[in-house]
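Let's take a walk through this protein model together. Have the sequence and the 3D view ready, and follow along one stop at a time.

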Amino acid sequence: MSVQSAAADVDVDLRQLFASLARNWLRILLFVLAVTGLAFAFASLATRHYKAQTQVEIAPRESVYTRPAGSNNDGDKPILDEQGVATQVQIISSNEILKQVARKLGLARLPEFDETINMSSLSRVLILLGLKNDPMDIPADERVLKKMREKLNVFGVEKTRIIAIEFSSEDPKLAAAIPDAIAAAYIAGQGAAKSESNTAAADFLAPEIADLSKQVRDAEAKVAAYRGQSDLLMGGNNSTLATQQLAELSTELSRVRANRAAAEGTADSVRKALQNGGSLDSLPEVLSSDLIQRLRERQVELRANIADLSTTMLDNHPRVRAAKSQLADLDAQIRGEAQKVMKGLVMQADAAKARENQLVADVNTLKAASAQAGEQQVGLDALQRDAAAKRQQLELYLTNYREAASRQDRNYVPVDARVSSPASVPSEPYFPKVGPIVGAAAAASLLLAAVFTLLRELFSGRAMRPATGARFEPIDEVAMPTTARQEPAAPLEPTARLEPAVVSEFANRGAEVPWAETVADSEMTVRAQPIAEPAPATEPEPAARAEPVAKAVSAVEPEPVAEVQRPRSVLGEIDIEKAAEKLIASGAARAIFVSPEGDEAAASAVLVAREVSDAGLRVLLLDLTASGAASRPMLDSGLFPGITDLLASQAQFSDVIHADLYSDCHVIPVGTADPVRAMRAADRLPIIMQSLTTAYDLVVVECGPADAQGISRLGGDATEVFLSMLEPDDEVTQAAVKLIESGYPDLTLVTPLGHEPPGTPGRRSAA
């Protein structure tokens, strides 16, 4: 399994992550105290700034007594909407008003508004070097306006028609004086605008009134002339005489026709009564006659006498007969009078009819005259309308001119704005606020320190743990040698072998002398010994086992050299230079070294790491030996924090990575933490290897006498496995066979013997 897949099967250990805050509490506290102290110093030493505010109310100032007669009576309502207030805000912050205030208060003479006054030497140097713009290139007025705009804030109060003018300054009196001056300049400007408008109106109306007066006179003259030419005499109700006469004749005609119809009807009724012998008592016209009424009274008296005589006399009595004869004469007289009334009614009807005919003729005549007068009235009305319109406009202009002239003479121009709340001199600065600044700095620094600590813990890999269902088994410990090897096992009879003095040299000097000197001295000892040929008859078995091992490993045949002191390869092993060349050529990211012979063979990993580092690659050596045999010669000490401290969460990557004293290679030593505690987090080794592989071109791991299971957690893509050897003995052969059988067929044997470091012969230069 590759480390990449293993690294993906991890989770964040929140308990371990947040426990880092408790472990680094002192560092966090110091950081917070430092930042808070700096903030307090800044707040205490910063220049004090004061802010004052003036409020201007936008409202009509015209009273009901001075309001023009033609204006809206509802003048107490506000005259501006939201857009109008925003327009006034822009007017208040205009350059014209700010310039007036700057000139009035002499702001150009104050260093606060003109940085060219009392300019510091540092600013002058920056200007000379071209790192800062020269303020002298900007006109003085513009410099002052720029500073004023930076300190000025004009805004409309929400849902009101009040405009607030805020200004900040280092001088509290100036902070209150400037907004008041701006408000006063704004109101004065509005008054001047109104006065100018009033004067312009008066100047405009004077000639217009003169022209309109002449036009009105001309229009009225045209009306009179047209009326005279058209003979349009005006009657009652503002109508022409012909029209009025036509109306009167029409009324008279209607009356005559009504009288005629009534007379004809009455005469016809009387005629029918006389012809049919009917009673005349029902006819009002007959009864209204005085003669007929007297005859009717006499008729009633005779009838009463006849009735009285009939009680004592018979009908043939002369007196009775005389009374009846008188009664008959009375009836004849009444009918005769009725006929006279009928004739009178007929004559009345005829007269009414004649009158009607005359009126009809007169009406027809007046109709033609009225039609002609109506046509002429149309032209007259047009002239009258024109004259009336000009007269009305003239009256309006006269009214407005009188009002404008009176306001101009009295200099009365009420402005629709007033200062509702003048600015007061502030007693406390608005900046800096020591409490909020220090509190914010403390909170922000605490948050940043906590976040930095958590991210550092997270990226270091210490806060990672295997996820549930991860594809690799957790391990309890890493296979490391417990003790350093002091004596080699029973050797074979190789072509070149190390003398006991060499082994003793490695064992005794491994803890004090750098590996570079130890290996160099050992090589000199090897070269000093004579080369002995092996005795194949006495030791056939090791040589026989070495042949399949040599065939199985991917050995690089050494080039022939002229030196006879270099040992000859027995198991196909290669030297340090060939191992470094192989790693560089293959582009390997990891190189795992197994040293079955113990600490002495760890020199191969150190020398290969230095060789690759000298070639220009970024190389790190990870020491996983129990005694620190690989890292101690590179650091001259074993007291540095290392891999055990990283696994035990007692250090971070930056704490455990150290520089080699004799090359550009970096090294992670064994460390100083408790190994038992470190081994509990050994499942984090794949994650650590992945992180190191990302940061370095090559990671060299010295595992000591580890087996295939022990190094399985360290491998990954582009990994080369090397077996370091000093003597081709049986132990080395068995270790190589086990690694090959355990899945490492490309195992390469490497030996540090015969390596000559660059620099002084026999000793590596401590570059």
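Phe-593 has a relative accessibility of 0%, so Phe-593 counts as buried. Keep in mind that the model you are looking at is predicted. Phe-722 is buried too, and its relative accessible area is 0%.

Now look at aromatic rings that pair up. The count comes to four aromatic pairs. One of them joins Phe-113 and Phe-167: the ring centres are 6.1 Å apart and the planes meet at 20°, and because planes under 30 degrees apart count as stacked, this pair is stacked. Phe-113 sits in the loop between helix 5 (95-105) and helix 6 (121-128), while Phe-167 belongs to strand 4 (residues 162-169), so the pair links distant parts of the chain, 54 residues apart. Both Phe-113 and Phe-167 are buried.

Let's return to Phe-593 and Phe-722. Their ring centres are 4.9 Å apart with planes at 15°, so they are stacked as well. Phe-593 is in strand 7 (residues 590-594) and Phe-722 in strand 12 (residues 719-724), so this pair ties together parts that lie 129 residues apart in sequence.

Our last stop is a pair of helices. Helix 4 (residues 82-92) packs against helix 8 (residues 172-230) at an angle of about 110°, and their axes are 10 Å apart. Angles of 65 to 115 degrees count as roughly perpendicular, so that is how helix 4 and helix 8 are described. Their crossing is right-handed. Gln-88, Ile-91 and Ile-92 of helix 4 make the contact with Ile-182, Tyr-186 and Gln-190 of helix 8.

Terms used. Residues are numbered from 1 along each chain as its sequence is written. This is a predicted model: local features need pLDDT of at least 70, side-chain atom pairs count only at pLDDT 80 or more; totals for chains, interfaces and linings use all residues. Side-chain values use heavy atoms; hydrogens and water are left out. Rings of Phe, Tyr and Trp (its six-membered ring) pair if their centres lie within 6.5 Å; planes under 30 degrees apart count as stacked, over 60 as edge-to-face and the rest as tilted. Helices (H or I, at least four residues) and strands (E, at least two) are DSSP runs, numbered from the N terminus. Buried means under 20% relative accessible area, exposed over 50%, partly exposed in between (1.4 Å probe, protein chains only). Axes are lines fitted to C-alpha atoms, for helices over the stretch in contact, and angles run from 0 to 180 degrees between N-to-C directions. Angles under 35 degrees count as roughly parallel, over 145 as roughly antiparallel, 65 to 115 as roughly perpendicular and the rest as oblique. A crossing is left-handed if the near helix is turned anticlockwise from the far one by less than a right angle, and right-handed if clockwise. Contact means heavy atoms within 4.5 Å.
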